[in-house]
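Trainee: Could you walk me through how to read a few features of a model like the one shown here?
Mentor: Gladly; let us look at it together.

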Amino acid sequence: MNDAELLGTAATWALLWEVCATPKPGLVDRGGSGAHDDMTFGTFLRSASALAPHWSLQARIGIDVEDPGKAMPLLRERGRVMEGAMLEATGGVNTHKGLIFALSLLLWGTGRLLARKESLRGRAIAREASRLVSGCVRAELETLRETPPARPLSHGERLYLRHGVTGIRGEAERGFPSLVEQGLPTLNRSLYDGGTLEEAALDALLALMESCEDSNVIHRGGFAFWKERYLPLVRALRRTHLRWDDAKRRALEELNERFKETRVSPGGAADLLACVLFLHEVEQIALQTSWQQ
Ligand SMILES: CC(C)(COP(=O)(O)OP(=O)(O)OC[C@H]1O[C@@H](n2cnc3c(N)ncnc32)[C@H](O[C@H]2O[C@H](COP(=O)(O)OP(=O)(O)OP(=O)(O)O)[C@@H](O)[C@H]2O)[C@@H]1O)[C@@H](O)C(=O)NCCC(=O)NCCS
Ligand SMILES: Nc1ncnc2[nH]cnc12
């Protein structure tokens, strides 16, 4: 396998682990469909399979194309092909749209560092990736105030205009702070403490739920719900259950039941979890190959 193919495999591995990790509150996992009535575990496997051949091409752009201004249109073009493949595989359901965007940026960042023979640490990859989207909150969201488009606004765009929520764009532009300051360190700490990869992934998911502006939760539950109910609930669960035991699993299952009733889905945090798993896998591969750690 060449470097781009190896990175593509790491991306698919991350998508599969994200959906397999169980129990996830409100999300699709091996136990069920959470708060979703239009997708199942099988839908995610189909989506991940359809996306699998494309990730190495995004990594290849990273290895070959140095200039972010030249790389971004190429990544977008491939991203649109990927969205088409996803929709075809899932019968029109949006399983991984946000992730196609975020992971394509990270694959480019990883490819760049590889080409420059620099250290492949998660933080460095995220910083590099953010160069692709510098100024995008202003360019894509703030300008909506001055020139509203004729088409319907996306959930993310509407939430920015109403509440200043920057969602995935803000996360990417700021160098993915939820990934590098919360998700990845939490995953590593949990593994260091003896947790399984699944337990560590669930710990990372909770950390991401508490730290990111999840436009999926906010659009489904409302801004006040997110700030006053959802965030305190997640914070309390994390503080009460520091270690893995039956009580912690039960608490996650109970939260899943609550989210199912209220249709709350932390889809943005799920996408970021796949990104954390990808960064973790890249760091692991770097330990075992000639890549710089
Ligand atoms: C920039 C794009 C990602 C497109 O943005 P768009 O404005 O079209 O979409 P958003 O509404 O902003 O949401 C994008 C998806 O990103 C995920 N997400 C949300 N918050 C975060 C976060 N804080 N960090 C990371 N990721 C986040 C989220 O994906 C999950 O939600 C899916 C379900 O979403 P959706 O269908 O909207 O929700 P439902 O409730 O199911 O819908 P209804 O049935 O009620 O309608 C779930 O599967 C997760 O994957 C958001 O959905 C990019 O795609 C794009 O257009 N790029 C082209 C332009 C570009 O490149 N711009 C550069 C910008 S920096
Ligand atoms: N496991 C999951 N469930 C629901 N939405 C998601 N978006 C990304 N992963 C997801």
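**Reading the model**

Mentor: The largest share of the shell around ligand 2 comes from H15, which gives 3 residues. Helices here (H or I, at least four residues) and strands (E, at least two) are DSSP runs, numbered from the N terminus. This is a predicted model, in which local features need pLDDT of at least 70 and side-chain atom pairs count only at pLDDT 80 or more, while totals for chains, interfaces and linings use all residues. Residues are numbered from 1 along each chain as its sequence is written, and chains are lettered from A and ligands numbered from 1 in the order in which they are written.

Trainee: Which residues surround ligand 2?

Mentor: A residue is near a molecule if its C-beta atom, placed from the backbone, lies within 6 Å of it. For ligand 2 the shell consists of Glu-18, Val-19, Leu-27, Val-28, His-36, Ser-265, Gly-267, Ala-270 and Asp-271. Two or more residues of that shell come from each of helix H1 (3–20) and H15.

Trainee: How does the shell around ligand 2 divide into nonpolar, polar and charged residues?

Mentor: The classes are simple: Ala, Val, Leu, Ile, Met, Phe, Trp, Tyr, Cys and Pro count as nonpolar, Asp, Glu, Lys and Arg as charged, and the others, Gly among them, as polar. Around ligand 2 that gives 4 nonpolar, 3 polar and 2 charged residues.

Trainee: And how many residues surround ligand 1?

Mentor: There are 32, the closest being Gly-98, Ser-154, Gly-156, Gly-267 and Gly-268. The helices that each give two or more residues are H5 (97–115), H7 (136–146), H8 (155–163), H9 (167–173), H12 (215–221) and H15 (267–288). By class, this shell holds 10 nonpolar, 12 polar and 10 charged residues.

Trainee: Now helix packing, please. At what angle do H11 and H15 pack?

Mentor: Axes are lines fitted to C-alpha atoms, for helices over the stretch in contact, and angles run from 0 to 180 degrees between N-to-C directions. Helix H11 (residues 197–211) packs on H15 at about 130 degrees, with the axes 9 Å apart. H11 is therefore oblique to H15, since angles under 35 degrees count as roughly parallel, over 145 as roughly antiparallel, 65 to 115 as roughly perpendicular and the rest as oblique.

Trainee: Which residues of H11 and H15 make the contact?

Mentor: Contact needs C-beta atoms, placed from the backbone, within 7 Å of each other. H11 brings Ala-201, Ala-204, Leu-205, Leu-208 and Met-209, and H15 brings Ala-269, Leu-272, Leu-273, Val-276 and Leu-277. The contact divides into 10 nonpolar, no polar and no charged residues.

Trainee: What about H3 and H5: how far apart are the axes?

Mentor: The axes of helix H3 (residues 55–64) and H5 come within 7 Å and cross at roughly 45 degrees, so H3 is oblique to H5. Here 8 nonpolar, 6 polar and 2 charged residues make up the contact.

Trainee: How do H3 and H4 lie to each other?

Mentor: H3 and helix H4 (residues 68–90) pack at about 175 degrees with their axes 10 Å apart, which means that H3 is roughly antiparallel to H4. On the H3 side are Leu-57, Gln-58 and Ile-61, and they meet Ala-71, Leu-74, Leu-75 and Arg-78 of H4. That contact has 5 nonpolar, 1 polar and 1 charged residue.

Trainee: Let us turn to the backbone. Which residues does the cis peptide bond join?

Mentor: Most residues other than glycine have a negative phi, and most peptide bonds are trans. The cis bond lies between Thr-22 and Pro-23, with omega about 5 degrees. Pro-23 sits in the loop between H1 and helix H2 (41–51).

Trainee: Is Phe-176 buried or exposed?

Mentor: A residue is buried if 20 or more other C-beta atoms, placed from the backbone, lie within 10 Å of its own, exposed if 12 or fewer, and partly exposed in between. Phe-176 is buried because 29 other C-beta atoms lie within 10 Å. Phe-176 also has a positive phi of about 55 degrees although it is not a glycine, and lies in the loop between H9 and helix H10 (177–192).

Trainee: And what is phi of Arg-263?

Mentor: Phi of Arg-263 is near 60 degrees, again positive in a residue other than glycine. Arg-263 belongs to the loop between helix H14 (246–262) and H15, and is partly exposed because 13 other C-beta atoms lie within 10 Å.

Terms used. Contact = placed C-beta atoms within 7 Å.
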